[in-house]
Amino acid sequence: MRRTICFLAGVLPLAAQVSYDRLRQSDSEPANWLTYSGNYSAQRYAGLNQITAANVRRLRPVWVYQMQTTERVETSPVVADGIMYVSEPGGSVTALDTLTGRPLWKYARTLAKGVRGCCGQVNRGVAILNDTVYVGTFDAHLVALDIKSGIVRWDSEVADPKLGYSITAAPLALKDKIVIGIAGGEYGVRGLIDAYDAKTGQRAWRFWTVPAAGEPGSETWAGDTSKTGAATTWVTGAYDPEQNIVFWGTGNPGPDWNGDARVGDNLYSDCLLALDGDTGKLKWHFQFTPHDVHDWDSTEIPVLADTVVRGEKHKAVLFGNRNAFYYVLDRGTGKFLAGRDYAKQSWAKGLDDSGRPIMLPNSSPTMEGAKVYPDVTGGTNWFSPSYSSQTNLFYVAARDVGGVFLKGNAEYKPGAQFNGGGQSPIVGENPTGAIRALTPNTGELKWEFKLYSDAGAGILSTAGNLVFAGTNEGDFFALDAAAGRSLWHFQTGATINANPVSYLSGGKQQVAIASGNSIFVFALED
Amino acid sequence: MRLVCMIFSFALAATAQLTPFDPEYVVPKKNPNTTPADLKNGQQLFMGQCARCHGPKGEGGRGAVLAQPKLRHAPDDEALFHVIQDGIKGTEMPPGYAVDTRETWQLAAYVRSLGRMAPETVPGDPKRGQELYRSKGHCNQCHIVSGQGGSIGPELTEIATRRSAAHLRAAVLDPESTLPEGFLEVRLVTKDGGRITGVRLNEDTFTIQVMDLNGGLHSFVKEDLKELQRDTGKSPMPSFRGTFSAAEVDDLVAYLYSLRGNQ
């Protein structure tokens, strides 16, 4: 690995200290986008209203930053005090001046040989705390970089990449710890979520997402199948600083599509975990898809919001799951409060009173192939939903796509894929999707904006009563947040597989999104 | 009507394919899994994953004809292994779904066994068919063969490497039964009352690009259209049933089945 100073302008804002208090109170400074999801509650909401339904038609690109990569770019920028910190495939990081788009520094990650991953060397973003930028790398390290220069402060291996571990998620900075999740669910790894001392890089705690023999939850795995149980943690969670609870989703059990050997619910796969921020101890868990055989990871973003369910006020977690169901959970206990399907699904009759799915027959993979909705990519996926307290709506990028699920052999070999099947598309079916606005306490559909094809990008809502999202065909667009009416669109020229962010640069609101290998930044035309 | 810039390339959605292939595996030159048991398992996998495009006997359809001794993209076993594992970029051939190394070889063994079957015999005279293609059929107005012809319909230069004779016969007699994946005829009415019928070239949430039946290229913002009619399952190509005699259909199919590019 090496560091390259690309450019340093003479008159630029100084990289500031981004204290824990600033992160905790990020809603009070909408000029910045300080965490992966914009705030600890993971609402991906910008409290800025310069760009509105009335003027969004004047939105124009102001600069574009192109990455030198052919890998897929899923990054979501973090912005502090006029500087944008962008992760690039593999775990490189570039700091950009938000006024000009020019780089201030670059950290170029050179990956070790033999690193593998199922789905490309993507990286979704960084975390910042005080004077340091943190990034996970595809070779499963967590790296701390000086915020002004990109120089490495420390570099800790999280897990062995030769076993199939990698990191694609953005870290989450707490008061003095950096929490990071792991990918590798297609390699039969044992899932984990770690916290590292922000100053030293020493591991502070680890939670294994698959229990060891004899531990609570191990009884949900037959024989020794938990040893290859996966349940990885490859998308950034949320944090409730009042209760000091980290909320983080877990992925599929291994092997993905052949569950014959791993009889049982397979905890803690496809769960939302509530972990103590100081110790990593499990406070509660909620499993969305027990004994999953469709690769429906529950690594989507847990959104923290207050809501009223059946007349009772709750500090809640709102969760649009890959299995096509929407859930409302109590944040303190994990109790299921409400839920229903929000995307096309054919595998469950509904949810029972505890939130457990009521399975329908003939929905498991077979050798010949079983047609099931949603497909392996799910009703939604890693791309972020959004919650606006202004409209009191939960926005989800939904997919209405089915697949033919095939069961196959599952033979574990360290470092090799361990899938036990796969999925093919339904021939002749055009994938479709929509941006859907749901009533947060019930999941009831308020409005939808249909997309030409399935959804693959995240959503930003703003105080300007707007919702921003992107399409597979390269359109970045704005909708009226209250009614879903189309207001503006811009063709970026490549598939958008990323989440939008918004912030101020020189006092002017910008909206940024990655498309293809580039970051596009928009502002109102003067 | 607002005309936006022409787009000549298709933006394809990126979809991650998962194949349990060990990246450290060194692919041998010769297929190591060719026993009768391997062939049987290969046939089962083929029926599940390949037959719907390539036909149960490799006779072709939406996918290439595999019942032939030489495969253009897979001249040897090693290349065939990679085609099954990785697909063929720029074509509709996807990577193998959930086939491990052994299963890939078993599939390859079965595919090679298809090539040892007797080639399909086609009645008719390809020379007479070539003349009919140009004269009575006017096929060259819409299709390109070896660089010559119109471009409203699919190029036919190598059509016989991808389609069986039966498929080609169906395309001639009942074109709407053999539409390629993604093909869509559309009818548009612009706000000023202009009407266009054509073939969709590309589309996204906000815009659509169309080639009209005279070969003209158009691009529209959808909200600027008064009407956008999708004639799913329809084709501008006429049926030759009734226009051609049975013998002429045989001749035309024989000509089409002779179109194999440089093969």
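**Close-up 1. Antiparallel pairing of β5(A) with β6(A) in the predicted model.** A:V86 faces A:T94 of β6(A) across the pair. Six residues, 83-88, make up strand β5 of chain A, and β6 of chain A spans residues 92-97. The two strands are antiparallel and share 6 bridges. Their hairpin leaves 3 residues between the strands, and A:G90 adopts a positive phi near 90 degrees there.

**Close-up 2. The hairpin of β4(A) and β5(A).** Strand β4 of chain A, residues 78-80, pairs with β5(A) in the antiparallel sense through 3 bridges. A:A80 has A:I83 of β5(A) as its bridge partner. Between β4(A) and β5(A) lie 2 residues, and A:D81 in this turn shows a positive phi of about 55 degrees.

**Close-up 3. Burial of strand β5(A).** Of the 6 residues of β5(A), 6 are buried. One side of the strand carries A:I83, A:Y85 and A:S87, and the other carries A:M84, A:V86 and A:E88; both faces are covered.

**Close-up 4. An open sheet of 4 strands in chain A.** The strand order is β27-β28-β31-β32, and the pairing is antiparallel. β27 (386-388) and β32 (445-451) of chain A are the edge strands; each has a single partner strand, so one side of each lacks a neighbour in the sheet. From one strand to the next, the twist averages 25 degrees.

**Close-up 5. The pairing of β31(A) with β32(A).** Strand β31 of chain A covers residues 432-438 and runs antiparallel to β32(A), to which 6 bridges join it. Within this pair, A:L438 is positioned opposite A:L445 of β32(A).

Key:
Residues are numbered from 1 along each chain as its sequence is written. Chains are lettered from A and ligands numbered from 1 in the order in which they are written. This is a predicted model: local features need pLDDT of at least 70, side-chain atom pairs count only at pLDDT 80 or more; totals for chains, interfaces and linings use all residues. A residue is buried if 20 or more other C-beta atoms lie within 10 Å of its own, exposed if 12 or fewer, and partly exposed in between; C-beta atoms are placed from the backbone. Two strands pair if DSSP finds at least two bridges between them. Axes are lines fitted to C-alpha atoms, for helices over the stretch in contact, and angles run from 0 to 180 degrees between N-to-C directions.
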